[in-house]
Amino acid sequence: MRYRLTFAVGLAVGYVLGTRAGRERYEQLKKTAREISHNPAVRNTAESAAQQGRHFAGKAYHTVSEKVGDRVPESVAQRVRSLRERSAHNGGTEDDWGTSNT
């Protein structure tokens, strides 16, 4: 699915950049892209993918930290702790980039 989406986005971007239809066609494509991005089904799918990514990243972090142990630089460990604390204070509603996790 990820490769299909990447291909579709690349195709759309290539078409927009390569088209000679002018500003009207560009505005039409822009409006369609905006409508798609505001579609609740698309937003839910994107959020599900983001949550899955965070879940797998957490698993990967746990696996790596078990194998690496104390060899992680203290600056990295401190950054991870601060991000976890921030997430706990926000109730898990916002990630490090300020986007919602709803």
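Patches are made of residues with over 30% relative accessible area and no salt bridge, like charges being joined within 9 Å and nonpolar side chains (Val, Leu, Ile, Met, Phe, Trp, Tyr) within 5 Å. In the predicted model shown here, local features need a pLDDT of at least 70 and side-chain atom pairs count only at pLDDT 80 or more, while totals for chains, interfaces and linings use all residues. Residues are numbered from 1 along each chain as its sequence is written, and side-chain values use heavy atoms, with hydrogens and water left out.

The chain contains 4 helices and 0 strands, where helices (H or I, at least four residues) and strands (E, at least two) are DSSP runs numbered from the N terminus. Its order along the sequence is accordingly written as α-α-α-α. The mean pLDDT, which is the predictor's confidence in each residue on a scale from 0 to 100, is 79 for the chain, and 79% of the residues score at least 70. Confidence is highest in helix 3, at 87, and lowest in helix 4 (residues 74–89), where the mean is 78.

The accessible surface of the chain, computed by the Shrake-Rupley method with a 1.4 Å probe and, for residues, with only the protein chains shown counting as cover, comes to about 8900 Å², and carbon and sulfur atoms account for 58% of this area. Of the 102 residues of the chain, 5% count as buried; buried means under 20% relative accessible area, exposed means over 50%, and partly exposed lies in between (1.4 Å probe, protein chains only).

On the surface, a nonpolar patch is formed by L5, V9, V13 and L17, which together have about 410 Å² of accessible area. One of these residues, V13, belongs to helix 1 (residues 2–18), and V13 is classed as partly exposed because its relative accessible area is 44%.

A salt bridge is defined as a side-chain nitrogen of Lys or Arg within 4 Å of a carboxyl oxygen of Asp or Glu, and by this rule the count comes to 1. This salt bridge joins E47 and R54, whose closest N and O atoms are 2.9 Å apart. The side chains of E47 and R54 also make a polar contact (2.9 Å), that is, a pair of N or O atoms within 3.5 Å in which, within protein, one must be able to donate a hydrogen and the other to accept it, residues adjacent in sequence counting only if both atoms are side-chain atoms. E47 lies in helix 3 (residues 40–68) and counts as buried because its relative accessible area is 16%, whereas R54, at 34%, is partly exposed.
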